[in-house]
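Biologist: Before I plan anything around charged side chains, could we go through the model together, one question at a time?

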Amino acid sequence: RSPDQTFQIMAEEANRYKGSHRLILNLNPENLGLAGNLNRAVQLASGDLLVLQGGDDISLPARTSKLVQRWVSDQPRRDLVYSDAIRIAADGSVLQQQIPPLPMATLEEVARGKFFLVGGCVAAYSRSLFEKYGPLNPNVQYEDYVLTFRALLEAGCAFIDEPLIYYRVHENSIVQSTLKAG
């Protein structure tokens, strides 16, 4: 549970929503962790493409529509569609541009040691990755490693060479805390 009234704020915003989409608010009775929370979200969602959003990141207005357009246009449909991102600091200021994403890799290249990871902050995943392989192990700390690998086992990945999200980097983010520990 969030100590900053996040759920209450979300409930108030949802009550004001008058659009055509169905909103589902969920408050877990206990902290499920990253993987457990994602598993629960997948259970509650009804779509075939799941667009993830970190609570501290900011999607650009066309993010979801562009991810969906790319997913629909590729035949066969890829199991993972992702974009570039703009890194921002905790205060929202734009940081130095990050290194461009690695070129697309095949499963064989990854198995031979070529590093390829699609960060969850920029990704949309096919529901089939959860239906075929089941929910994530609750102990998984980095869902993006697992889901990238699953996608490479199946229909692969598609990249949109355009930033569609502001990715917030701060000292309490999972990536930064991992870098400090290492």
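Biologist: Which residue forms a salt bridge with Lys132?

Modeller: This is a predicted model, and in it the closest N and O atoms of the pair are 2.9 Å apart. The pair links distant parts of the chain, with Lys132 in helix 5 and its partner in the loop between helix 6 and strand 5, 22 residues apart. The salt-bridge partner of Lys132 is Glu154.

Biologist: Does Glu154 count as buried, partly exposed or exposed?

Modeller: Lys132 counts as exposed because its relative accessibility is 56%, and the cut-off for that class is over 50%. For Glu154 the relative accessibility is 32%, which lies between the limits of under 20% for buried and over 50% for exposed, so Glu154 counts as partly exposed.

Biologist: Which helix holds both Arg16 and Glu13?

Modeller: The side chains of Arg16 and Glu13 meet in a salt bridge, at 2.4 Å from N to O. The two residues are 3 apart, about one turn of the helix, and the element that holds both of them, spanning residues 6–16, is helix 1.

Biologist: Is Asp74 buried or exposed?

Modeller: Asp74 and Arg70 meet through their side chains in a salt bridge, 3.0 Å from N to O. Arg70 is partly exposed, with a relative accessible area of 27%. For Asp74 the relative accessible area is 15%, and because buried means under 20%, Asp74 is buried.

Note on methods. Residues are numbered from 1 along each chain as its sequence is written. This is a predicted model: local features need pLDDT of at least 70, side-chain atom pairs count only at pLDDT 80 or more; totals for chains, interfaces and linings use all residues. Side-chain values use heavy atoms; hydrogens and water are left out. A salt bridge is a side-chain nitrogen of Lys or Arg within 4 Å of a carboxyl oxygen of Asp or Glu. Helices (H or I, at least four residues) and strands (E, at least two) are DSSP runs, numbered from the N terminus. Buried means under 20% relative accessible area, exposed over 50%, partly exposed in between (1.4 Å probe, protein chains only).
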